[in-house]
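Work through the exercises below with the model open. Each task is followed by a stepwise solution.

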Amino acid sequence: MMRERLLTLVDKLKSRPTAIGAIVAMAIKAGGALLTLAVFTLAARAMSTDQFGHLAVWFNAIGFLAVAAVIGQDTLIARSYGEYAGSGDYPQAWGAYRFGWVITLLAGAGSAIALLLFVPLFFSCVTHTTLLAAAFFLLTQTLLHYSSHSTRVIAGFVVSEATRELIWRILLLVVVIWAVLHQGLTTAEFFTAAGVGQILSLVVALFFVRRVYRAQPVAALSYDNWRNWLSRSRPMWQSAVLEAASMYFDVMLIGYVASPAAAGDYFAAARLANVFLMVMTGLNTYTVSRSATLYFSGQVDKLQDILRSLMLVSTTMLAPLLLLIYMFGGDLLTIFGARFASDYPTLVILSTACFVMSTCGSASVILLTTGQEKLYSRIISVATVLRIALTSLLAWRFGATGAAVGWALVNAPLFMLLAVVCRRTIGVDPSVLNLLAPFSEKLRSRGLAGTNAG
């Protein structure tokens with residue numbers, strides 16, 4: 001009986017490739033989240049309170065700078081390659097890909113050099129070893145941003161997410177375990193190991209992209225639209241910077257207005273709450289690989305069906321997880337150390353907001369890849385300024401818990417608004433409400449049938 005049920009489930013999954021894709025994408029994201037959690041759990045136990053707080057601040061600062069340094073090319077290639085390859089224009093598609101690499105390499109190298117030059121002017125206590133390792137990590141993370149986004153639309157989301165989430169984190173975890181067991185962990189060792197792992201990830205990703213390129217030979221690449229690419233990438237870059245500010249600034253702000261210890265407390269709670277955002281990012285990963293192609297080819301109904309399947313999988317996975325955090329959140333926080341159990345209120349606030357955001361779906365990705373990047377940039381600009389101001393004020397007054405409240409009060413309503421904007425401008429609803437659409441249509445058809453019969 002059990003075997004028959006299992007075979008029936010497998011058959012159903014085979015008939016629903018979107019659900020399978022969503023599950024695979026989220027499984028990879030979950031693996032990356034668990035690896036990250038393991039890395040920072042060991043780091044928290046191997047470092048003092050202030051050392052871990054400083055690592056958290058540095059990690060978030062470099063994460064933000066890496067997003068800024070890619071100059072929007074990661075989002076641009078997701079649209080450009082999907083648009084050109086979808087119409088068979090491979091000279092333009094591969095031209096856009098190489099153009100993005102040139103911009104990313106130049107900007108990434110410039111950002112790393114700027115970090116080396118300017119950080120000592122403001123933070124004289126930072127050692128040269130730490131600074132060199134941080135600059136190295138900034139460069140490799142910038143390159144990995146572009147590599148993963150371009151690989152996603154060229155070679156598929158499985159390759160892109162395995163290289164983005166798993167390979168470099170596995171190497172980092174091995175190094176962190178070795179360091180903790182033998183000599184303790186320093187920030188320089190952490191960033192050096194992460195950078196080397198990301199180079200390995202880049203090599204693997206480029207191998208698969210090259211295989212696709214050989215299957216789509218072109219006589220010569222076309223760069224005729226480079227001015228248009230720069231114009232499109234500007235609002236995409238602005239949106240990415242603002243999104244990164246929303247993701248990374250909290251820890252830096254808390255470290256500045258409160259203390260490194262408070263930043264470490266918030267960072268630990270955010271690592272657990274980020275599981276929700278990891279799942280949402282997994283959905284975005286699958287969506288971004290299809291949205292531009294489907295939209296520009298006029299297959300809006302198919303895009304809506306995909307979004308409905310993705311939301312069903314997401315909600316089914318995340319609702320039990322939220323309940324688990326409500327019940328055992330304090331115990332889960334102790335994996336970082338016993339003292340982190342007191343951050344339970346912070347974890348609950350962040351997790352609840354992240355769950356609400358996840359129910360709003362992939363609105364941001366759809367808007368950015370279907371020609372609404374300027375509208376999205378305006379919305380996210382206003383929301384980010386408001387969130388930073390509110391988070392700073394509440395963090396200064398109430399520490400990590402206050403920062404969590406400020407983050408939640410802006411981000412949850414923001415994602416609701418983006419879902420509404422996506423439905424009205426693009427014609428698809430990425431939120432959990434689209435699960436009710438089939439039932440609404442049945443009720444409407446029954447009502448019309450009853451009216452006609454009467």
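## Exercise 1: the largest pocket

The largest pocket has a lining of 27 residues, and His54, Val57, Trp58, Phe123 and Val126 lie nearest its centre. The model is predicted: local features need pLDDT of at least 70, side-chain atom pairs count only at pLDDT 80 or more, and totals for chains, interfaces and linings use all residues. Numbering runs from 1 along each chain as its sequence is written, and side-chain values use heavy atoms, with hydrogens and water left out.

**Task.** Describe the lining of the largest pocket by element and by residue class.

**Solution.** 
1. On a 1 Å grid over the protein atoms alone, a pocket is an open set of points with protein on both sides within 12 Å along at least five of seven lines; lining residues have an atom within 4 Å of a point.
2. Take the volume, the space filled by probe spheres set on points joined across faces, edges and corners. For the largest pocket this is about 910 Å³.
3. List the elements that give two or more residues to the lining of the largest pocket: α3 (49-69), α5 (90-122) and α9 (226-257). Helices here are DSSP runs (H or I, at least four residues) and strands are runs of E (at least two), numbered from the N terminus.
4. Find the main contributor. Helix α3 gives the most to this lining, with seven residues.
5. Sort by class. Ala, Val, Leu, Ile, Met, Phe, Trp, Tyr, Cys and Pro count as nonpolar, Asp, Glu, Lys and Arg as charged, and the others, Gly among them, as polar. The lining of the largest pocket has 20 nonpolar, seven polar and no charged residues.

## Exercise 2: enclosed space

**Task.** How many cavities of 30 Å³ or more are there, and which residues line the second largest cavity?

**Solution.** 
1. Apply the rule: a cavity is a set of points where a 1.4 Å probe fits but cannot get out.
2. Count. There are four cavities of 30 Å³ or more.
3. Take the second largest cavity. Its volume is about 40 Å³.
4. Read off its lining: Ala33, Thr36, Leu37, Arg271, Asn274 and Met278.
5. Helices α2 (17-46) and α10 (260-288) give two or more residues to the lining of the second largest cavity.
6. Classify. This lining divides into three nonpolar, two polar and one charged.

## Exercise 3: whole-protein figures

**Task.** What are the secondary structure, the buried share and the disulfide count of the protein?

**Solution.** 
1. Secondary structure comes to 16 helices and zero strands.
2. Of the 454 residues, 53% are buried. Buried means under 20% relative accessible area, exposed over 50%, and partly exposed in between (1.4 Å probe, protein chains only).
3. The accessible surface is about 20,300 Å², and 67% of this belongs to carbon and sulfur atoms. The areas come from the Shrake-Rupley method with a 1.4 Å probe.
4. A contact means heavy atoms within 4.5 Å. Of contacts with a separation of 6 or more, 82% join residues 24 or more positions apart.
5. A disulfide is a pair of cysteine sulfur atoms within 2.5 Å. The whole structure has zero disulfides.
6. Cysteine 360 is buried, at 5% relative accessible area. Cysteine 422 is buried too, at 0%.

## Exercise 4: a backbone angle

**Solution.** 
1. Isoleucine 71 is in the loop between α3 and α4 (73-86).
2. Its phi is near 55°, a positive value in a residue other than glycine.
3. Most residues other than glycine have a negative phi.
4. Isoleucine 71 is partly exposed, with a relative accessible area of 30%.
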